[in-house]
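Please look through the coordinates alongside this note. The points below are meant to be checked against the model one at a time.

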Amino acid sequence: MTQAIGLKYYGDPGIHVPPNVGFQYREPPEEKAWMPPEDYDALIADPTGYLFNTWLPRVSADVVAPGATNTMRNNLSFLKGGMAMLSYFSSFGEANRRLREECGVAPAIAGILKAPLDILGDKLRGFMGLCMDLMERRDKVIAACEAMMPHLYHTALAGADPNHEVPIAIWMHRGCVPLVSPDDFNDIYWPTLKPIILELWKQGHQVLFYAEGNWDYHLDAFAELPDGCIVYHVDRGDLLKAHRTLGHKFCLSGGISNVLLSYGKPEQVRARVKEVIEQVAGDGGYIMDASAIVMNDAKPENMRVLTEATREYGVY
Amino acid sequence: MSEREPLSVYVEGPKRPGVCIPFEEKVREWPPIQGETEIIRRTWEEVDNLAYLYVWHVLVSF
């Protein structure tokens, strides 16, 4: 799909990056951000129109803006892009069935959410541009986040599990201290994300907070949410601290370092699994998982021990 | 900044989520509808929503 539309920011495995690594996001320098600061008003006035008419032609080599010379290849980009995306999402059902039946692994998530401030920093202004905007045009940042809220909610809900068995995942990127200030989080990031979480919960959907990096500074804010409405995943944060602050309200997951899985010894992995289960899983409410997505640099013997030790110690 | 209003206050109007070309706009291009308007509306909006999700998923998922 990414190549059907010529997506410029996407580093495809096997093309732009080696075949055995995950895709890479290639962020442009600040002066070449996909969305320049003068575009804020257009984004705020009509987010979907802005994405189709301005943003998509900028990030895609084969999509042209309205009024520009059009070719068969340009028209094909929407046809092929749409068909490829449909094919991609349609394959999840079969993939989940095979995971269940052939590997004994249940799917963990369905649907996707990003926080408005994160998406502004990720794909629109870029992180450097966003940092400048938070100081120079803060009102525009707030208005843009507010304008995107209902759309990000709608997109998350559209992909959610109709059976309400697995949570929607939110991939949390750059909205935490010290990447932004406490005021940025308290005034913008959280007030434009929390209503989405509450509305999804009202619709019966839990959200998996995949807290990439370290979000320890914000645990008290997350504790404001209703009991059970999220699963909180720990990457580089303090799992014990998360357990103390959130464990009485939410299920936790993660906390097994990817560095340990890639470079540690099996006995170290076993010791860490035992420690985690004793510290945070004594009363249930914990899902064993690596800190971040496991890539192919993890040692197979360590993954085997992770599974075996969890089955051995994770019994009540 | 105080906590935001419930999301429902943001989701009305022609620029509402799930919509690229509102049915109310499209219907003006046609002669008077002879059949069930609701069936035609639902079909139009289902397909329109797919196009909407396409661009938002490029932004969020890829």
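Predicted model: local features only at pLDDT ≥ 70, side-chain atom pairs only at ≥ 80, totals over all residues.

1. For the complex, the predictor reports an ipTM of 0.95 and a pTM of 0.95. Chain B has a mean pLDDT of 88, with 81% of its residues at 70 or more.

2. Overall form of chain A. Chain A contains 12 helices and 8 strands. Along the principal axes, its C-alpha atoms fill a box of roughly 65 × 40 × 35 Å. Among contacts in chain A with a separation of 6 or more, 67% are between residues 24 or more positions apart.

3. The sheet. Which strands make up the open sheet of chain A, and in what order? There are 6, in the order β3-β4-β5-β6-β7-β8, with parallel pairing. Strands β3 and β8 (286–287) of chain A are at the edges, each pairing on one side only. Strands β3(A) and β4(A) run parallel and are joined by 2 bridges. L113(A) has I170(A) in β4(A) as its bridge partner.

4. In soluble globular proteins, nonpolar side chains tend to be buried together. The largest nonpolar core here has 86 residues, and I168(A), I170(A), F209(A) and Y232(A) touch the most other members. The element that gives the most to this core is α6(A), with 9 residues. Beyond four places in sequence, I170(A) is in contact with L113(A), K114(A) and A115(A), and also with V207(A), L208(A), F209(A) and Y210(A).

5. Helix α4 of chain A. How many of the residues in helix α4 (residues 116–124) are buried? The count is 9 of 9, and the set runs from P116(A) to L124(A), with D118(A), D122(A) and K123(A) among them. The cover over these buried residues includes α5 (126–136), α6 (138–158), β4 (168–172) and α7 (182–202) of chain A, together with α2 (37–61) of chain B. Just after α4(A), G126(A) has a positive phi of about 80°.

6. The chain contact. The contact between the chains takes 31 residues from chain A and 22 residues from chain B. On the side of chain B that touches chain A, the residues divide into 16 nonpolar, 3 polar and 3 charged.

7. A110(A) lies in the loop between α3 (72–103) and β3 (112–113) of chain A. Leaving aside neighbours within four places in sequence, its contacts are G159(A), A160(A), D161(A), V166(A) and I168(A). The C-alpha atoms of A110(A) and L208(A) are 9.8 Å apart, although the two are 98 residues apart along the chain.

Conventions: Residues numbered from 1 in each chain as written. Chains lettered and ligands numbered in written order. Helix = DSSP H or I, 4+ residues; strand = E, 2+ residues; numbered from the N terminus. Contact = placed C-beta atoms within 7 Å. Buried ≥ 20, exposed ≤ 12 C-beta atoms within 10 Å, placed from the backbone. Nonpolar A, V, L, I, M, F, W, Y, C, P; charged D, E, K, R; others polar. Core = buried A, V, L, I, M, F, W, Y, C linked by C-beta atoms within 7 Å. pLDDT = per-residue confidence, 0-100. Pairing = 2+ DSSP bridges.
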